[in-house]
Amino acid sequence: MTVLALLIAIGAFMGFGLSSDRHGAARLGRRPSADVVRRIRAAAWAALTVAFALSVAARGWIFGPILWSGLIMAGAGVAFLFLNLTPPPQNRSH
């Protein structure tokens, strides 16, 4: 359950990153509209909530929130490194 919570946290922070103008334009090919940004951010917050529930289910109410804190920090770090250090996809249309 811990690995699943980590993957969900990574996905949440990838969503937060892709909802920004800079990363959205670079990775999605265009700036996301306000409606798309709202939906991505809502999904990202929902994913963090699911990751919290999985962390509490895995470690209980004492250590679950502590585990969740570590997982979201790791997820944010992975998303940051991926979005900032990997090159964006090239336009493949010829």
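In this predicted model, helix 2 and helix 3 lie oblique to each other, because the angle between them is about 60° and angles of 65 to 115 degrees would be needed to count as roughly perpendicular, while those under 35 degrees would count as roughly parallel. The two axes are 11 Å apart, and helix 2 passes helix 3 in a left-handed crossing. Helix 2 covers residues 21–28, and helix 3 covers residues 34–85.

Which residues of helix 2 and helix 3 make the contact? Helix 2 contributes Arg22, His23 and Arg27, and these meet Phe82, Leu83 and Asn84 of helix 3.

Stepping back to the whole chain, the protein has 3 helices and 0 strands. The order along the sequence can be written as α-α-α. The C-alpha trace spans about 55 × 25 × 20 Å along its principal axes.

What share of the contacts with a separation of 6 or more comes from residues 24 or more positions apart? These pairs account for 67% of such contacts in the protein.

Of the 94 residues in the protein, 28% are buried.

Key:
Residues are numbered from 1 along each chain as its sequence is written. This is a predicted model: local features need pLDDT of at least 70, side-chain atom pairs count only at pLDDT 80 or more; totals for chains, interfaces and linings use all residues. Side-chain values use heavy atoms; hydrogens and water are left out. Helices (H or I, at least four residues) and strands (E, at least two) are DSSP runs, numbered from the N terminus. Buried means under 20% relative accessible area, exposed over 50%, partly exposed in between (1.4 Å probe, protein chains only). Contact means heavy atoms within 4.5 Å. Axes are lines fitted to C-alpha atoms, for helices over the stretch in contact, and angles run from 0 to 180 degrees between N-to-C directions. Angles under 35 degrees count as roughly parallel, over 145 as roughly antiparallel, 65 to 115 as roughly perpendicular and the rest as oblique. A crossing is left-handed if the near helix is turned anticlockwise from the far one by less than a right angle, and right-handed if clockwise.
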